[in-house]
Amino acid sequence: MSSASSLQRKQTIQELQSKEYDLLVVGGGITGCGIALDASARGLSVALVEMQDFAAGTSSRSTKLVHGGLRYLKQFEIKEVAELGKERAIVYENGPHVTTPVWMLLPFHKGGTFGKLSTNVGLRVYDFLAGVKRSERRYMLNAIQTRGKEPLVKTQGLLGGGVYVEYRTDDARLTIEVAKAAITKGATLLNYAKASQFVYDDSQKINGIVAQDLVADESFTIRAKTVINAAGPWVDEVRKIEGQQQGKHLILSKGVHIVFDESKFPLRQAVYFDTPDGRMVFAIPRDGKTYVGTTDTFYKGDPRDMDIEQSDRDYLMDAIHYMFPKVQVTDTDIESSWAGVRPLIHEDGKNPSEISRKDEVWTSPGGLVTIAGGKLTGYRKMAETVLDMVIKDLAPKLNKPIASCDTKKIAISGGDIGGSRNLKAFLYKQTKKGVELGLTEQQATYMAQHYGSNADTVLALMQMNDTALPAWLYAQLRYSIEHEMVTHPNDFMIRRTGYMFFNIALVQQYKAEILKEMAKQLSWTEEQHKEYEVELEQEITRATTAK
């Protein structure tokens with residue numbers, strides 16, 4: 001039986017070696033996990049390996065929006081806007097606890113990218129193409145109303161604004177909830193397992209991999225009828241394992257975000273705004289913080305070891321001071337930051353912002369199926385597309401029926417609350433339970449929103465706390481180890497909770513006790529303890545480098 005517990009890691013590896021799978025996915029970001037969920041729901045036997053933690057690449061370092069692609073209207077990518085808008089609604093319904101509709105203000109100024117007519121028409125077309133429900137359709141504001149909506153917006157040259165709905169998400173939690181749903185459907189997933197070689201059949205077609213267990217430093221073989229490369233920024237690395245890489249290749253675009261406490265940047269309304277160079281940037285309030293991003297520059301190097309340069313901070317600071325002149329923040333006010341890359345399919349002569357975000361699929365002579373490009377919002381549709389293609393070749397090899405895609409209606413882990421219409425009632429009921437167990441109302445609501453229908457399982461772990469950690473934090477840590485495959489402290493601090501980015505003070509306060517408890521739960525050696533402690537300190541330094 002598949003497990004999402006780090007305590008069952010050895011058993012998971014034994015299971016991966018025990019049979020030939022119908023499908024093996026390399027890559028545990030949102031694309032790979034989405035494929036695993038779709039494939040297992042169709043009745044295929046599925047394995048997935050990820051060389052880092054789930055969502056450790058692009059899928060935890062985005063702008064944290066499941067958005068409908070408004071920017072693509074400027075590039076006349078009409079089909080892209082229509083599809084992303086519809087997918088956004090599906091993502092929300094299947095996991096309303098990790099996706100939240102937020103009203104976004106798009107101010108327009110004299111001489112800016114958007115004017116009154118283009119904003120009005122653009123948002124109207126956007127609503128139509130994206131199938132936006134009536135209650136979330138755009139409306140227009142004059143200059144006075146725009147200032148009332150967000151007083152920090154630049155008043156000089158302000159002509160008005162448009163207001164439309166975007167969907168804020170926790171990208172890493174969205175990914176892990178999709179991964180857990182795949183496991184529930186029977187898929188076998190493993191993090192910290194790197195594909196190091198391909199295995200071939202007598203016809204020189206790929207039928208498996210040799211994987212390196214990066215925790216125990218041991219190799220093992222996984223057999224599969226079909227292998228899909230969904231390694232995000234590393235798809236070309238996986239392709240190179242097969243031999244000479246030909247044809248299309250990736251180019252990476254670096255995106256940086258910076259975070260301020262709301263006392264320094266008291267934004268009350270999410271804003272999508274012009275920068276001096278004509279790009280568009282988001283400023284978004286979240287959990288007592290305001291974050292701003294993103295940059296968009298070509299990046300060469302290993303995304304696993306990417307620092308934020310002074311030029312990145314300067315660009316975002318210039319954008320803030322341009323649109324919010326009353327906000328006098330400096331580098332020393334940056335609490336935390338993160339950098340990630342977008343894996344784009346190379347197009348000659350185009351800068352990063354001009355390259356299409358469309359996904360593409362291609363197959364190598366050895367049968368390796370690669371999917372690259374795309375966006376967080378479109379993960380479900382990407383999975384459907386690649387699997388529909390793969391199944392045409394795979395079906396004759398199987399002695400069982402294969403169902404069609406049904407992920408439009410499959411709730412992800414934590415999403416079993418009856419859809420978005422029941423979210424408010426669920427949060428009320430779950431908050432009440434948390435308060436009865438000794439949490440503050442704020443803490444109880446947070447747990448309900450963070451874990452959705454899994455919240456009761458998390459809350460039950462509070463009573464087992466025998467550490468110096470607060471009971472709610474202990475419960476989160478214990479749950480993440482037993483149900484969310486947390487192996488390294490950064491898995492917990494960054495991707496299961498987001499504390500590294502949005503509550504760095506908590507990380508600093510409890511890091512020693514968290515390391516101590518993880519060492520106990522996961523039976524670390526002294527050497528592992530020191531190694532993981534160094535990793536954690538490196539990430540804290542990277543996140544707070546502006547300080």
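**Ground rules.** I worked on a predicted model, in which local features need pLDDT of at least 70 and side-chain atom pairs count only at pLDDT 80 or more, while totals for chains, interfaces and linings use all residues. I numbered residues from 1 along each chain as its sequence is written, and for side-chain values I used heavy atoms, with hydrogens and water left out.

**Entry on the cores.** I looked up the nonpolar cores, each being a set of buried Ala, Val, Leu, Ile, Met, Phe, Trp, Tyr and Cys residues joined through side-chain atoms within 4.5 Å; buried means under 20% relative accessible area, exposed over 50%, and partly exposed in between, with a 1.4 Å probe and protein chains only. The largest core has 58 residues, and of these I found that Y164, L473, M500, I514 and M518 touch the most other members. Helix α16, at residues 504–522, gives the most to this core, with nine residues; I take helices (H or I, at least four residues) and strands (E, at least two) as DSSP runs, numbered from the N terminus. Apart from this core lies another, of 50 residues, with I228, I371, L398 and A448 among them.

I then followed M500 by its contacts, meaning heavy atoms within 4.5 Å. Leaving out residues up to four places away in sequence, I listed S336, N490, M493, I494, V507, L536, E539, I540 and A543 as touching M500.

**Entry on the salt bridges.** I counted 38 salt bridges in the structure, a salt bridge being a side-chain nitrogen of Lys or Arg within 4 Å of a carboxyl oxygen of Asp or Glu.

- E166 and R88 meet through their side chains at 3.6 Å, N to O. E166 lies in strand β5 (residues 158–169) and R88 in helix α3 (residues 78–94), so the pair ties together parts that are 78 residues apart in sequence. E166 counts as buried at 1% relative accessibility, and R88 counts as buried at 3%.
- R173 and E484 form a salt bridge at 2.6 Å, N to O. R173 is in helix α6 (residues 171–184) and E484 in the loop between α13 (471–483) and α14 (489–496), and I noted that this pair links distant parts of the chain, 311 residues apart. R173 counts as buried at 1% relative accessibility, and E484 is likewise buried at 1%.
- K433 and D456 meet at 3.0 Å, N to O. K433 lies in helix α10 (residues 423–436) and D456 in helix α12 (residues 455–460), so the pair ties together parts 23 residues apart in sequence. K433 counts as partly exposed at 31% relative accessibility, and D456 counts as partly exposed at 37%.

I also found a network of salt bridges that links R61, D305, D307, E539 and R542.

**Entry on the cavities.** My search of the whole structure found three cavities of 30 Å³ or more. On a 1 Å grid over the protein atoms alone, a cavity is a set of points where a 1.4 Å probe fits but cannot get out, and lining residues have an atom within 4 Å of a point; points are joined across faces, edges and corners, and a volume is the space filled by probe spheres set on the points.

The largest cavity has a volume of about 60 Å³, and its lining consists of S3, S5, S6, R9, T12, L189, L190, N191, M485 and T487. Strand β6 (188–191) and helix α1 (9–17) each supply at least two lining residues, and β6 gives the most, with three.

The second largest cavity holds about 40 Å³ of space, and I listed S60, K64, D170, D171, A172, R286, I494, G498, F501 and F502 as its lining. Two or more of these residues come from each of α6 and α15 (499–502).

G452 follows α11 and has a positive phi, near 55°.

I placed G293 in strand β13 (residues 289–293), where G293 is buried, with a relative accessible area of 1%. Not counting residues up to four places away in sequence, G293 touches T63, V256, H257, V281, F282 and L316.

How values were computed:
1 Å grid on protein atoms, 1.4 Å probe; cavity = no way out; pocket = protein on both sides within 12 Å on 5 of 7 lines; lining within 4 Å.
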